[in-house]
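Let's take a walk through this model together. Keep the viewer open and follow along.

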Amino acid sequence: MTTAERAAWLRQELERHNRLYYVEERPEIGDDEYDRLFHELRALEEAEPDLRTPDSPTQRVGALPVEKFTPYRHGLPMLSLDNAFGEAELRAFDERVKRALATEDEVRYAVELKYDGLSMSLTYRDGLLTVGATRGDGTTGEEVTPNVRTVRGVPFRLAEPVPGQIEVRGEVVMLKSTFAEVNAARIARGDQAFVNPRNAASGGMRQLDSRLTAERKLSFFAYGLGLIDPNAAVPDTQSGRLGWLRRLGFPTRPEATTCQGVDALVAYVDRIQSQRANLPFGIDGVVVKVDSVRLQEELGSTARGPRWAIAVKFPSEQAFTRLLDVGTQVGRTGVVTPVAELEPVFVGGVTVSRATLHNYEEVHRKDVRVGDTVIVQRAGDVIPEVVGPVLEKRPTDAQPPEPPTQCPVCSTPLVRDEGMVALRCPNRTGCEAQIQAKLEHFVSRKAMDIEGLGEKQIARFLELGWLTDLASVFTLGAHRHKMVELDRMGEQSVANLVAAIDRAKTRPLDRFMFALGVRYVGERTARDLARAFGTLEEFRNATFDRLIQVPDIGPRTASEIESWLEEESNQALIAGLLEAGVAPAEAEAPSGEIFAGQTIVFTGKLERFTREAAEELVVRQGGKAAGSVSKATTLVVAGPGAGSKLAKAEQLGVPVVTEDEFLARLPEGAL
């Protein structure tokens, strides 16, 4: 056997063992024997580089770093799925499907696990892997081919010949066992442990150095197809396609099956939910698809996703842990809120050591006491919260926390505004916690958008005395020579920060108003105010009677704004900002009237521009952009992933259009 023949045999043998291990789950050799074959092939390729092929198993170790990811447009969009929460919504989906198909017969569904990882699209041309791309916004993702090539279970070459081009859709995950192994190795070498498997997988696929991706030992499971070459002999059912993908060499899961009718669907969902903790990877639900591809095509899709599929989401995971203490935090408006200090616990995909208790009335209502064993959940899978105590495990000496009477930061006596439950520190100008929070809000992306001035930098500059109030942000440039001497503050980063501060001086008036942090003045209210007053000088002299005339501003907001403007310290703040060179761009008068008298709501993902830019476009054309759907809404623009707002629009009979249909209403040159 020649060297070339030996290398070819090793490649074929290693891929066969890969398939046996990852796809068929019946390995024939142990890790030691596999490693011996792998190292032999790598030695042959290093001695004779011409023997190395693109589909060689040695190419899974990673390649040299890339400078950046390039956009990649999917052959077919990777649509979002509507969500169902519970049996009633699953049965409602089944009714919609049968009604659309004009049948009373039970529909056959394909059911699969909803993996908790990162969606990926793999493009094969004539059987060879050519592109791996993230989902992105559903239409355009990022090409991460070098990273995909490191993922175990992704075949470099299909096991059966397939002509032309096909797109294979699936999920990159980190197995729970791998997560524990990788974290143990990171801790041993002094690195920070990953928070959860999903973040480790998602972050791994976005490494510019694919060798770092390879270290995370990620896995892949296929679940569907995108664009398919018309000459490819593809099964005409979803379940058949999963079997076909398995024959091509892709890992799939044995839990995927079919169910005849909704009763079988409900039973399947209940069974998978009971098995959730025992699966080797994280899932957050079950995906249900009409099995027949012909019926899928008949059902079609809406702007947000296919009518023939739905994701059944499982409830937020809960965990039990001990409440060590109840601390406090002070927000930018002075509101003092209780915070649960917890014995760290893994819940909903993250390790939680702090959770919200909302307010002290809520603490009293739930009867939460220090020392309690408490139930913690991630509300909406985002904000950890304490659900309540486990009374059976309450220590005899557990005491309810007493609400503070003084600000924990500046010791100012706290007040409770009439009709409000929150405690508040009234020391707006002298409370360091409020100053820090106000500065963080002021420089945030939707306000003055000063990149490079984050929470840690603000805290550092406050300690050094370089920041004292909002106006002092614009004098930071005077300290640039001292900044370069600080840790992690090189000359380039300092120059970038100073440039970002200079750019912020001419932000639009509505962004400036939002940045001031006046209570009840959010982004949309700031936009309404800028449109109504036109200039900062006009706004500075606003009275309650004038404010109440602004559409959608009620008495409470008008009163709060008037009180804020009447405070000498706030007028001095504005004067200081102007003296520092801040010159907010005056609000532009509407350039058209195509949306005059209309209230438009955007929901879901937009492809052509950001949500903020779309809303600004509506305002420029004489309309009003709102954040929620009501009877006053005249139009809803729905993109992929639209949810409750779209449902409410349909309920109220509000017209719904796609992004393209919305753009078609604009006059030429409006963009």
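First, the ground rules. This is a predicted model, so to speak of local features we ask for pLDDT of at least 70, and side-chain atom pairs count only at pLDDT 80 or more, while totals for chains, interfaces and linings use all residues. Residues are numbered from 1 along each chain as its sequence is written, and side-chain values use heavy atoms, with hydrogens and water left out.

Start with the largest nonpolar core, which has 52 residues. A nonpolar core here is a set of buried Ala, Val, Leu, Ile, Met, Phe, Trp, Tyr and Cys residues joined through side-chain atoms within 4.5 Å; buried means under 20% relative accessible area, exposed over 50%, and partly exposed in between, with a 1.4 Å probe and protein chains only. The residues with the most contacts inside this core are Ile450, Phe474 and Leu577. Among the elements that give two or more residues to it are helix 12 (432-442), helix 13 (455-464), helix 15 (491-504) and helix 17. (Helices are DSSP runs of H or I with at least four residues, strands are runs of E with at least two, and both are numbered from the N terminus.) Helix 15 gives the most, with six residues.

Zoom in on Phe474. Leaving aside residues up to four places away in sequence, Phe474 touches Phe442, Met448, Ile501, Ala504, Lys505, Leu577, Ala580 and Val582, where contact means heavy atoms within 4.5 Å. Apart from this core lies another, of 34 residues, including Leu90, Val97, Leu265 and Ile310.

Now for the helix pairs. How do helix 12 and helix 13 cross? Their axes come within 10 Å and cross at roughly 135 degrees, the axes being lines fitted to C-alpha atoms over the stretch in contact, with angles from 0 to 180 degrees between N-to-C directions. That makes helix 12 oblique to helix 13; under 35 degrees counts as roughly parallel, over 145 as roughly antiparallel, 65 to 115 as roughly perpendicular, and the rest as oblique. On the helix 12 side you'll find Ile435, Gln436, Leu439 and Glu440, which meet Glu455, Ile458, Ala459 and Leu462 of helix 13. By class, this contact has five nonpolar, one polar and two charged residues. (Ala, Val, Leu, Ile, Met, Phe, Trp, Tyr, Cys and Pro count as nonpolar, Asp, Glu, Lys and Arg as charged, and the others, Gly among them, as polar.)

Then look at helix 17 (residues 523-533) and helix 22 (residues 611-620), whose axes come within 12 Å and cross at roughly 30 degrees. The two are therefore roughly parallel to each other. Glu523, Arg524, Arg527 and Arg531 of helix 17 make the contact with Glu612, Glu615, Glu616 and Val619 of helix 22. That set divides into one nonpolar, no polar and seven charged residues.

Stay in helix 17 for Ala526. At 0% relative accessibility, Ala526 counts as buried. Not counting residues up to four places away in sequence, Ala526 touches Asp510, Met513, Phe514 and Val521.

Finally, check the backbone. Most residues other than glycine have a negative phi. Ala102, in the loop between helix 3 (87-101) and strand 3 (108-115), has a positive phi near 55 degrees, and is exposed at 72% relative accessible area. Asp126, in the loop between strand 4 (118-125) and strand 5 (128-134), has a positive phi of about 50 degrees, and counts as exposed at 59%.
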